[in-house]
2 protein chains.
Amino acid sequence: MAQVRNKQVILKEYVSGFPDESYMSLNTTILPLKLPEGSSGVLLKNLYLSCDPYMINRMRKLNTPSYVESFEPGTPINGYGVAKILDSRSPNFKEGDLVWGRTGWEEYSIIKATESLFKIHDTDVPLSYYTGLLGMPGMTAYVGFHELCSPKQGEHVFISAASGAVGQLVGQFAKLLGCHVVGSAGSKEKVDLLKNKFGFDEAFNYKEEPDLDAALKRYLPEGIDIYFENVGGKMLDAVLLNMRVHGRIAVCGMISQYNLEKPEGVHNLMHLISKRVRMQGFIVSDHYHLYTKFLELILPHIKQGNIVYVEDVVEGLESAPAALVGLYSGRNVGKQVVVVSRE
Amino acid sequence: MAQVRNKQVILKEYVSGFPDESYMSLNTTILPLKLPEGSSGVLLKNLYLSCDPYMINRMRKLNTPSYVESFEPGTPINGYGVAKILDSRSPNFKEGDLVWGRTGWEEYSIIKATESLFKIHDTDVPLSYYTGLLGMPGMTAYVGFHELCSPKQGEHVFISAASGAVGQLVGQFAKLLGCHVVGSAGSKEKVDLLKNKFGFDEAFNYKEEPDLDAALKRYLPEGIDIYFENVGGKMLDAVLLNMRVHGRIAVCGMISQYNLEKPEGVHNLMHLISKRVRMQGFIVSDHYHLYTKFLELILPHIKQGNIVYVEDVVEGLESAPAALVGLYSGRNVGKQVVVVSRE
């Protein structure tokens with residue numbers, strides 16, 4: 001039976017403090033290119049891997065039960081990716097099918113939890129988009145914005161970490177709906193992207209704003225109807241001061257807080273009352289039953305060129321650890337993708 | 001024309017820091033017992049006045065726009081009360097009608113905003129109940145619990161400031177629905193009331209719990225599906241650690257924060273994501289169109305003795321300032337009412 005060398009990214013030990021590449025190492029095993037006798041699931045060849053902010057939580061030893069489980073030191077990291085089926089014992093997939101979903105950070109993976117794989121039907125778009133725009137981050141933007149915030153034309157939308165995989169899509173979805181859209185990001189380059197490429201009405205570099213409240217009042221003088229929360233901490237506190245009556249906050253992530261010993265305190269929650277604000281935390285995987293509805297909305301927009309999408313692509317599994325930890329210093333510009341193999 | 005002396009409680013100056021009685025004074029004016037020529041509205045004889053936690057916010061100079069306006073120093077305080085119509089130029093009210101709604105802290109009031117008055121049809125219950133159980137606090141409990149939290153039988157409900165006007169009702173509504181109900185309060189006497197009179201499953205004195213997280217884990221080992229938030233600060237932080245997946249938080253008030261120079265920081269908002277929690281601030285007056293629906297639910301329960309209601313009644317307008325500031329030290333046991341006149 002044909003065997004291959006299978007390069008893998010291993011978590012060496014649990015991360016404490018700020019993550020860096022040294023917590024991961026490369027390893028190579030040998031794998032037969034067939035599912036073993038009696039095995040269930042599918043054998044995948046991984047093509048593209050997705051670097052997503054939530055992954056840091058899995059690299060730590062979690063003391064309290066969470067919606068994600070910690071990775072196991074000594075084994076390959078896993079996450080979202082795009083892959084090709086090489087062998088299948090599942091009635092839902094056959095050899096040659098392209099899929100996106102949860103897979104390993106390695107060249108080949110055996111996946112038993114096939115319910116977390118989605119078959120890719122439309123290949124008119126770059127396959128890597130299924131790690132982002134057409135995958136988990138796209139669904140996250142769609143669910144958080146459309147399903148939880150009930151946006152209306154003309155509303156004032158603010159998005160933090162707006163040039164990231166999710167943020168850039170939320171902003172464009174909001175523009176397509178006729179909203180006034182402002183985003184924050186952490187560099188001039190990202191702010192330029194937001195304004196000149198993604199069509200945001202305004203954008204600002206939060207690192208150059210000593211007073212976030214004043215910045216929000218400058219860019220959103222009428223206040224905020226919808227806040228798509230990706231960062232937490234001080235930004236959330238400033239946003240609470242600027243919410244409009246009956247505002248909505250989709251709590252998608254709090255990336256500024258993930259690597260702190262103790263999360264920052266948020267002081268302005270009383271404004272939830274006076275402004276009757278609804279704040280809703282969510283996990284995209286609760287909403288995957290809406291994936292087909294999402295594709296029907298989004299594919300025509302992509303094909304008509306109504307949506308711009310920026311990826312930050314690195315080549316090879318060797319580059320994956322640096323790409324992942326780069327998320328937490330805001331190094332990436334756009335959706336961070338790792339190419340394992342182009343076919 | 002008959003004239004009367006009209007005793008009033010005046011706000012002398014805006015409160016800064018912790019409120020005390022010295023910010024208010026008694027004053028007497030002379031009032032004709034008829035509406036002046038050309039005046040609109042109604043002339044009321046006030047019977048019962050309601051002391052409510054939100055009132056402190058109106059006693060301060062508010063710098064940012066809020067859902068309430070600051071009181072005007074030198075004029076009578078106003079709030080919710082029960083009154084009798086002495087003269088009316090409104091087609092909706094006639095002499096002799098009993099009403100509840102917004103009125104002045106004085107013996108007689110001329111009210112032009114008659115849309116904030118509700119006619120009292122059912123007088124089989126004590127009239128003072130329309131300052132509480134059957135008035136604004138009752139509606140607050142109903143809207144926050146039933147309308148915003150979508151409670152289900154068997155769910156785990158936690159209520160802070162649970163012996164107050166709103167909390168005691170939320171707990172009883174939850175018990176009527178078959179929920180498991182736990183409350184916190186600030187004295188042994190209040191805890192006894194919750195357990196022995198209001199039928200809470202468990203209750204604890206937060207002042208005797210150095211570790212609120214541990215207390216919640218002890219009394220709600222399965223976690224919290226619904227939190228009815230009246231206090232904010234440290235309690236909210238502890239609750240966030242104990243929310244169950246798809247939990248709901250109705251943010252009704254944050255009384256622990258109203259008199260602080262700077263509100264405490266809340267550190268555990270990341271749990272909104274992992275537990276997919278919905279947190280909703282609200283103002284009862286947005287929901288008064290539901291008042292008839294509320295009465296249809298609640299009146300039969302009152303008449304069948306399914307609901308216990310505790311008032312802390314003081315006599316005379318002279319007692320009103322002390323009764324109001326007593327709310328912020330938790331002096332009252334049950335709904336704080338001031339009797340101006342019994343008929």
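**Briefing: two chains and two domains**

Chain A and chain B bury about 2700 Å² between them, with 66% of that area on carbon and sulfur atoms. The model is a predicted one. Within chain A there is a further division, into domain 1 (3-132 + 310-339) and domain 2 (136-285).

**Relation of the two chains**

- The same surface serves both copies, since 100% of the contact residues of chain A recur in chain B.

**Interface of chain A and chain B**

- Chain A gives 32 residues to the contact, and chain B gives 32 residues.
- The rule finds two salt bridges across this interface.
- A salt bridge joins the side chains of A:Asp286 and B:Arg276, at 2.7 Å from N to O.
- Ten residue pairs are in polar contact across the interface of chain A and chain B, both residues being at pLDDT 80 or more.
- On the side of chain A that touches chain B, the elements giving two or more residues are strand 12 (243-251), helix 7 (271-274) and strand 13 (278-281).
- Strand 13 of chain A supplies the largest share of that side, four residues.
- By class, the side of chain A that touches chain B holds 17 nonpolar, nine polar and six charged residues.

**Domains of chain A**

- The C-alpha centres of domain 1 and domain 2 of chain A are 28 Å apart.
- Domain 1 of chain A brings 22 residues to the contact between them, and domain 2 of chain A brings 15 residues.
- About 1500 Å² is buried between domain 1 and domain 2 of chain A, 64% of it on carbon and sulfur atoms.
- A:Gly132, A:Val310 and A:Val333 supply 31% of the area that domain 1 of chain A buries against domain 2 of chain A, more than any other three residues.
- Across the interface of domain 1 and domain 2 of chain A, the rule finds zero salt bridges, while four residue pairs are in polar contact, both residues at pLDDT 80 or more.
- The side of domain 1 of chain A that touches domain 2 of chain A comprises twelve nonpolar, seven polar and three charged residues.

Notes: Residues numbered from 1 in each chain as written. Chains lettered and ligands numbered in written order. Predicted model: local features only at pLDDT ≥ 70, side-chain atom pairs only at ≥ 80, totals over all residues. Heavy atoms only, no water. Domains from an automatic or database assignment. Contact = heavy atoms within 4.5 Å. Buried area = accessible area lost by both parts, 1.4 Å probe. Salt bridge = Lys/Arg side-chain N within 4 Å of Asp/Glu carboxyl O. Polar contact = N/O pair within 3.5 Å; in protein donor to acceptor, adjacent residues only side chain to side chain. Nonpolar A, V, L, I, M, F, W, Y, C, P; charged D, E, K, R; others polar.
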